[in-house]
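Trainee: I am new to this structure. Please show me how to read its features, one at a time.

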Amino acid sequence: MAALIGAILLILVATFQGNDSPDTWFAIQKIEIEGDLQYATEEELRSDFSVLLGQSLLSVSLSDALAVVLSSEWVASAEIRKVWPNTLQVLVHEYSPLAYWGDRQIISTSAEVIAPRKLPKLPLTRLYGPDDSSDVVLEQFGLVSQVLASTSLRVSTLTLEPRGAWSIIFTNGVKVKLGREEILERLQRFIAVYKSDLSGRIDQITSVDARYPHGVAVGWKKNN
C-alpha cells in the first residue's frame with residue numbers, strides 16, 4: 001500500500017513538471033541483482049535481463065519480467081520487486097549442478113537439463129545417453145549410487161547405449177559392462193568380486209564384463 005501511494009504521489013508530482021507520458025517517467029533504468037551467485041555473474045545476468053531496460057514500471061507485469069529472468073540459463077527461480085521510480089530488484093536462485101549430461105550440458109538437482117554458455121569444471125559424474133533419455137539415466141544413476149554407498153567405488157561415467165546397454169567407468173579407472181538386464185544385480189555381483197579379488201589389482205585391469213549369469217569376466221593388461 002505504501003509503495004502504491006508513493007507511486008501515485010510521484011505521478012502527481014511528475015504531472016506538474018512536464019508533458020512527458022508516465023511511461024517515460026518510470027522507465028526502468030537500473031536492474032539490481034541479488035542472490036548467492038556461484039555459476040552466473042552479475043554482468044551476465046544484467047546482459048540477459050537488459051531487454052527490460054527502458055520498459056515502464058507502470059506497464060511491465062511481474063509475470064512478464066519473471067519470464068525474462070527465468071530464460072537465463074542458470075536461473076532456477078527468482079523474486080522480482082519494483083522499486084519506484086526507475087529500478088527493478090531481482091533475487092536470483094541458481095540451479096545446483098548434480099551431474100554432467102553429455103559433454104556440453106548439466107543436470108541439476110531438480111532434474112533440469114541446462115546448457116551453460118561456459119561449462120564449469122566441477123567434480124561431477126558424467127552421464128551419457130540418447131536424446132531425451134536424461135530422466136532414465138538420472139534415475140539409474142541414483143539407484144547405482146545407492147548400491148555403491150557402502151563401498152569405496154564412485155561413478156566417473158555412466159552410459160546408456162542407443163541399444164539399451166549400460167556401462168560404468170569408476171573413478172579408479174575400471175570399466176564395467178552391465179548389459180541391458182538385471183543391472184543392479186550384475187553390479188552387486190561385480191562389487192562382491194571387486195572386494196574379494198580385484199581391489200588390490202586395479203592397475204592391472206583393463207575392463208570387467210558383468211553380463212554373465214554367475215560371475216564376471218576380467219580383462220587383464222598384458223605384462224611387458
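Trainee: Is Arg-211 buried, exposed or partly exposed, and what is its relative accessibility?

Mentor: Buried means under 20% relative accessible area, exposed means over 50%, and partly exposed lies in between (1.4 Å probe, protein chains only). Arg-211 counts as partly exposed, at 42% relative accessibility. Keep in mind that this is a predicted model, where local features need pLDDT of at least 70, side-chain atom pairs count only at pLDDT 80 or more, and totals for chains, interfaces and linings use all residues. Residues are numbered from 1 along each chain as its sequence is written, and side-chain values use heavy atoms, with hydrogens and water left out.

Trainee: Which residue meets Arg-211 in a salt bridge?

Mentor: A salt bridge puts a side-chain nitrogen of Lys or Arg within 4 Å of a carboxyl oxygen of Asp or Glu. Here the partner is Asp-209, at 2.7 Å from N to O. Asp-209 is buried, with a relative accessible area of 14%.

Trainee: How many salt bridges are there by this rule?

Mentor: The count is six. Shared partners join Asp-48, Glu-73 and Arg-117 into one network.

Trainee: What does Arg-117 tie together with Asp-48?

Mentor: Start with how elements are named: helices (H or I, at least four residues) and strands (E, at least two) are DSSP runs, numbered from the N terminus. The side chains of Arg-117 and Asp-48 meet at 3.1 Å, N to O. Arg-117 sits in the loop between strand 6 (113–114) and strand 7 (126–128), and Asp-48 in helix 3, so the pair links parts 69 residues apart in sequence. Arg-117 is partly exposed at 48%. Asp-48 is partly exposed at 22%.

Trainee: Where does Glu-73 lie?

Mentor: Glu-73 is in the loop between helix 4 and strand 2, so its pairing with Arg-117 ties together parts 44 residues apart in sequence. Their closest N and O atoms are 3.1 Å apart.

Trainee: What is the strand order in the open sheet of three strands?

Mentor: Strands of a sheet pair through backbone hydrogen bonds, either parallel or antiparallel. Two strands pair if DSSP finds at least two bridges between them. This open sheet has the order 1-3-2, with mixed pairing. Its edge strands are strand 1 (30–34) and strand 2 (75–83). Strand 2 and strand 3 (residues 87–94) pair in the antiparallel sense over eight bridges. Ile-80 stands opposite Val-90 in strand 3.

Trainee: Which strands does helix 3 touch?

Mentor: Contact means heavy atoms within 4.5 Å. Helix 3 (residues 42–49) packs on the sheet, touching strand 1, strand 2 and strand 3. Helix 4 (residues 62–70) also packs on the sheet, touching strand 2 and strand 3.

Notes. Axes fitted to C-alpha atoms, helices over the stretch in contact; angles between N-to-C directions.
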